[in-house]
Amino acid sequence: AIHGMVHDKAFQLVEQDISEKYASVIVSYTETNPVLGFPFKYSISLNYILFKDALELKVEIKNKDQQAFPFGLGWHPYFKTDDLQNTYLKINSSKKLQVNDKMIPVGEVNYDWNGFVKIEDKAFDDCFILNNKKVELKAPEYELEFHFSTNEQ
């Protein structure tokens with residue numbers, strides 16, 4: 001349950017829109033039969049908005065159960081480059097999650113990352129606590145900026 005609770009679920013098309021400025025689609029899934037690894041009811045809505053030079057993804061998770069549940073949103077993006085030696089990742093973080101042997105978060109550890117780091121042959125399978133809501137990727141072929149926001153209710 002810690003990785004990919006909806007990767008194999010059938011989402012329903014809720015809305016689609018095409019205009020001169022953008023194209024968008026909203027899809028949703030509601031879990032009504034909880035599984036052993038995550039025994040809670042919830043719904044998830046994904047709103048993809050494609051602009052000429054940007055992609056916006058809005059994710060909304062709603063607790064449909066009678067009790068609070070632990071939840072975190074992780075994303076594993078994949079981007080192709082033929083030159084990792086000249087590809088850089090930038091985040092601003094002073095802490096990352098510490099996990100046990102089952103990859104369950106058990107605390108936080110200090111970690112200083114503020115600036116561009118050359119990817120080269122590094123492996124990243126960590127959860128960093130961001131000091132701001134921006135991540136950058138610079139490859140020889142392209143540059144990307146990710147901006148994040150939250151709205152907890």
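Here is a walk through the strands, the aromatic pairs, the surface patch and the salt bridges of this structure.

The model is predicted, so a few ground rules apply: local features need pLDDT of at least 70, side-chain atom pairs count only at pLDDT 80 or more, and totals for chains, interfaces and linings use all residues. Residues are numbered from 1 along each chain as its sequence is written, and side-chain values use heavy atoms, with hydrogens and water left out.

Let's start with the strands, which are DSSP runs of E with at least two residues, numbered from the N terminus. Strand 2 (residues 22-31) runs antiparallel to strand 3, and ten bridges join the two; strands count as paired if DSSP finds at least two bridges between them. If you want a spot to look at, S24 has I49 in strand 3 as its bridge partner. Strand 3 also pairs with strand 4, again in the antiparallel sense, over nine bridges. Here L46 has V59 in strand 4 as its bridge partner. To get from strand 3 to strand 4, the chain goes through a hairpin of three residues.

Strand 3 (42-51) and strand 4 (55-63) each supply at least two of the patch residues, and the largest share, three residues, comes from strand 4.

Now for the aromatic rings. A search of the whole structure finds nine aromatic pairs. Rings of Phe, Tyr and Trp (its six-membered ring) pair if their centres lie within 6.5 Å, and planes under 30 degrees apart count as stacked, over 60 as edge-to-face and the rest as tilted. F38 and Y42 make an edge-to-face pair, 5.9 Å centre to centre with 75° between the planes. Both F38 and Y42 are buried, which means under 20% relative accessible area, where exposed is over 50% and partly exposed is in between (1.4 Å probe, protein chains only). F38 and Y42 also belong to one aromatic cluster with F40 and F69.

Y111 and F128 show another geometry: their ring centres are 5.3 Å apart and their planes are at 55°, so the pair is tilted. Y111 lies in strand 6 (residues 105-118) and F128 in strand 7 (residues 128-130), so the pair ties together parts that are 17 residues apart in sequence. Y111 is partly exposed at 32% relative accessibility, whereas F128 is buried at 17%.

The term means a side-chain nitrogen of Lys or Arg within 4 Å of a carboxyl oxygen of Asp or Glu. In strand 4's stretch of the sequence (55-63), E60 and K62 meet at 3.6 Å, N to O. D82 and K80 have their closest N and O atoms 2.8 Å apart; D82 is exposed at 66% relative accessibility, and K80 is exposed at 63%. E120 and K122 form a salt bridge too, at 3.4 Å.

Key
Helices (H or I, at least four residues) and strands (E, at least two) are DSSP runs, numbered from the N terminus.
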